[in-house]
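Hello,

Please open it first and then read on.

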Amino acid sequence: WACWLRSVCHQVIEGETLAQIRVMSNAQRAVFRSPSKRDSVALGPVVSTVTIVEDHITVSVVPVITAGAYAIGRAVGGLLTFTNATLGADRQAVIKSCALIDLGQQEAALDLVLFDRTFTATADNVAFDPTDADLANYIGMLHILPEHYTRFVDNSVAILRDIALYCTSALDGNLYGQLVVRGMPTYASVSDLRLRLTTKRD
């Protein structure tokens, strides 16, 4: 079993087979599906979803935020994990696009601060304060501005295209981040924000 699992995982990394892996932390098991150009991975209790299309991967996360007001400079939600954003440790990827779904239609300016490894996250609704050591692993920041939003009846979507931010994952193929607010929104629900990051993996 262990040899078979290593073989299959190697093929996934090389992009040859295996469209889906579902990780279930409680059951500690993985479910494998047949080859396909597109499929998805659900990680944990519906907070992180991974969709793979050829050499592109889109990771969707739902940060748990405050149902209430934020002040400028505060962290929005906790640590965000962009699972398998690269093909492994020291493998390069290019961040191509970022979409933010705002179910509360607050259309706030937000920064997505990115790191090549996990870091000491700032608690939700506390002034963002990364450590000096964590900043050594900073890889870039995406600025979501009010003009990036398209408004619908009672929600909005912001999209950043053609980002072209080159990055690597230091340890595990994942990228990590935290949202920081630059406005003063008041959200109605703890799940008002949905974030999607698309990378092209080399």
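The protein has two helices and 14 strands; helices (H or I, at least four residues) and strands (E, at least two) are DSSP runs, numbered from the N terminus. Please keep in mind that this is a predicted model, in which local features need pLDDT of at least 70 and side-chain atom pairs count only at pLDDT 80 or more, while totals for chains, interfaces and linings use all residues. Residues are numbered from 1 along each chain as its sequence is written, and side-chain values use heavy atoms, with hydrogens and water left out.

Of the 202 residues, 42% are buried, meaning under 20% relative accessible area with a 1.4 Å probe, protein chains only. Among contacts (heavy atoms within 4.5 Å) between residues at least 6 apart in sequence, 73% join residues at least 24 apart.

One part to look at is an open sheet of four antiparallel strands in the order β6-β13-β8-β9; strands pair if DSSP finds at least two bridges between them. Its edge strands are β6 (75-82) and β9 (138-144), each pairing on one side only. Within this sheet, β8 (residues 110-115) and β13 (residues 175-181) run antiparallel and are joined by six bridges, with Asp111 opposite Val180 in β13.

Then there is β5 (residues 56-61). Ile57, Val59 and Val61 form its covered face, whereas His56, Thr58 and Ser60 lie on the uncovered one. Six bridges tie β5 to the antiparallel β14 (residues 193-201), where Arg196 stands opposite Ser60.

Enjoy exploring!

Best wishes

Methods:
Buried < 20%, exposed > 50% of the residue type's maximum accessible area, 1.4 Å probe, protein only.
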